[in-house]
Amino acid sequence: MSHEYFPGIHHVKYEGPHTKNLLAYRYYNKEEVLLGKTMGEWLKFSVCYWHTWRGMGLDPFGAPTRQWAFDDGTETLENALRRLHAHFEFCQKLGVEYYTFHDRDIAPQGKDLAETNALLDKVVDEAEKLQKSTGVKLLWGTANLFSHPRYMNGAATNPDAHVFAYAAAQVKKAIEVTHRLGGLGYVFWGGREGYQSLLNTDMKAELKHFAHFLRSAAAYKKEIGFGGQLLIEPKPHEPTKHQYDWDVGNVISFLRGNGLDKDFKLNIEENHCTLAKHSFEHELTLASDQGFLGSIDANAGDTLLGWDLDLFHNDVKPLTLALLVVVKQGGLVGGFNFDAKIRRESTDPEDLFFGHIASIDAFARALRNAVRIIEEGTLHKWVEDRYASYKSGIGARIESGEATFAELEKYALQHGEPEKRSAKQEKFELLLNTYL
């Protein structure tokens, strides 16, 4: 890459917590070892292509507010390749080793599917070269099955079989290029897989078709030898009123009910968790406990606003709770993808760097906090103590699944009223604050 797309911005490096340099990391020391892994191994950060390069500040109330100097705004192959080179320079300067994309982010659409696939292949040819020359790798790929008008009624859940077939062809190609680029995974986000009204919807049929679509994708993944993890990203609504992959519990139930639980894990985004009225910690814990936590979209919402904002996450407290879950399960097969965008009012290239740097440092601080909590063990011991009655006697028989209702009734009659025990929530919260 001979042309420099971000002149005046040097490679972002770790300089420690006392640096005054805003284009440096204060807490993210990639080579620092924590619990046997480097910080870079725990936190496989990724730059998303769509918000970073295709999000130009457009919102429902106003026109785009920014245009990068290297992007002439055309949907041409030449412009797509320029954008690709800028992307790899950005990742290199930021020191982030991974990226993610939708198929339609990186390559323009042609007059038909065949031409569109050929254009995608040309961009992927160049991406393959840039990956080799820069060391930047693909975290995961995905197909955009929500923007084009053909998908206005859904893709895998569309009432028109022709649209279903077109979506399958698009996903087939997207899995192929993800495999070719060595992606660690492939994500399904069903933004249009849901309904606006049940009056005109056959939900049973749509869910059956959705399951077949995912089953076919899993079969094709095996057919071509793609070793990456298939991932589903839950979201309750927006753009549909009701999205079928509503939340973690709903998706796990759907996967198990359709025999797909061995093929898929989950990619969890905090902003989607809060839209479903769950905390990030809740959704991560449920997914991890059930063996489904695969990757994370690193962003946040705003409690004062009720839609998907995709903010850069800078709040260390909820991130500490999130990293506790990740560290306890030994890490992610995927990573932490910044599905986040600078604000509409932010229009300078350096703003992209500031947004990523601030969030990367917040995650690094949270990781350190989580490791300290685990190493010191106090929180774990306090939780264990709350459930100590299940270690012996009648509790042990409940834990093993052997206790019958008759046996439990006899115990209750013999031992009378249980003693009231404080949950000590305030004590737990005080302990957490000592790590922040």
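1. Which exposed residues does the face of H16 turned away from its buried side carry? They are Glu426 and Leu430. The model is a predicted one, and the points below should be read with that in mind.

2. The buried side of helix H16 (425-433) holds Phe428, Leu431 and Leu432. Viewed down the helix axis, the buried residues of H16 fall within an arc of 100°, so they line one face of the helix. The buried residues of H16 pack against H11, H12 and H13.

3. H16 also takes part in the second largest pocket, giving two or more residues to its lining. The other elements that do so are helix H10 (280-289), helix H11 (316-328), helix H12 (349-376) and helix H13 (378-386). H11 gives the most, with five residues.

4. The volume of the second largest pocket is about 720 Å³, and 21 residues line it. Nearest its centre lie Glu281, Leu321, Lys328, Leu379 and Val383. By class, the lining of this pocket has 11 nonpolar, four polar and six charged residues.

5. Rolling a probe the size of a water molecule over the atoms shows where empty space is left. The count of cavities of 30 Å³ or more is four.

6. The largest cavity holds about 110 Å³ of space. It is lined by 13 residues, and Leu145, Phe188, Trp189, Gly190 and Glu193 are the closest to its centre. Strand S6 (185-188) and helix H7 (203-224) each give two or more residues to this lining, and the largest share, three residues, comes from S6. The lining of the largest cavity divides into 10 nonpolar, two polar and one charged residues.

7. The second largest cavity holds about 50 Å³. Its lining consists of Leu207, Phe210, Ile232, Tyr244, Asp245, Asn250, Val251 and Phe254. H8 supplies the largest share, three residues. Six residues of this lining are nonpolar, one is polar and one is charged.

8. Next, the charged side chains. In general, side chains of opposite charge can pair when their charged atoms come close. The model has 24 salt bridges. One of them joins Glu4 and Lys93, with 2.6 Å from N to O. Glu4 lies in the segment before S1 and Lys93 in helix H3 (residues 77-94), so the pair ties together parts that are 89 residues apart in sequence. Glu4 and Lys93 also belong, with Glu89, to a network of salt bridges.

9. How exposed or buried are the two partners of that pair? Glu4 has a relative accessible area of 40% and is therefore partly exposed. Lys93, at 6% relative accessibility, counts as buried.

10. A second salt bridge joins Arg344 and Asp59, at 3.8 Å from N to O. Arg344 is in the loop between strand S12 (336-338) and H12, while Asp59 is in the loop between helix H2 (49-54) and H3. The two residues are 285 residues apart, and the pair links distant parts of the chain. Arg344 counts as partly exposed at 27% relative accessibility, and Asp59 is partly exposed at 29%.

11. Arg104 is buried, with a relative accessible area of 14%. Asp103 counts as buried too, at 2%.

12. Lys173 sits in helix H6 (residues 161-180) and counts as buried because its relative accessibility is 13%, the cut-off for buried being under 20%. Neighbours within four places in sequence aside, Lys173 is in contact with Asn117, Leu120 and Asp121.

13. Glu31 is in the segment before strand S1 (33-34). At 56% relative accessibility, Glu31 counts as exposed, the cut-off for exposed being over 50%. The C-alpha atoms of Glu31 and Tyr435 are separated by 22 Å, and these residues are 404 residues apart along the chain.

Key
Residues are numbered from 1 along each chain as its sequence is written. This is a predicted model: local features need pLDDT of at least 70, side-chain atom pairs count only at pLDDT 80 or more; totals for chains, interfaces and linings use all residues. Side-chain values use heavy atoms; hydrogens and water are left out. On a 1 Å grid over the protein atoms alone, a cavity is a set of points where a 1.4 Å probe fits but cannot get out, and a pocket is an open set with protein on both sides within 12 Å along at least five of seven lines; lining residues have an atom within 4 Å of a point. Grid points are joined across faces, edges and corners, and a volume is the space filled by probe spheres set on the points. Helices (H or I, at least four residues) and strands (E, at least two) are DSSP runs, numbered from the N terminus. Ala, Val, Leu, Ile, Met, Phe, Trp, Tyr, Cys and Pro count as nonpolar, Asp, Glu, Lys and Arg as charged, and the others, Gly among them, as polar. Buried means under 20% relative accessible area, exposed over 50%, partly exposed in between (1.4 Å probe, protein chains only). A salt bridge is a side-chain nitrogen of Lys or Arg within 4 Å of a carboxyl oxygen of Asp or Glu. The arc is that of the directions from the helix axis to the C-beta atoms. Contact means heavy atoms within 4.5 Å.
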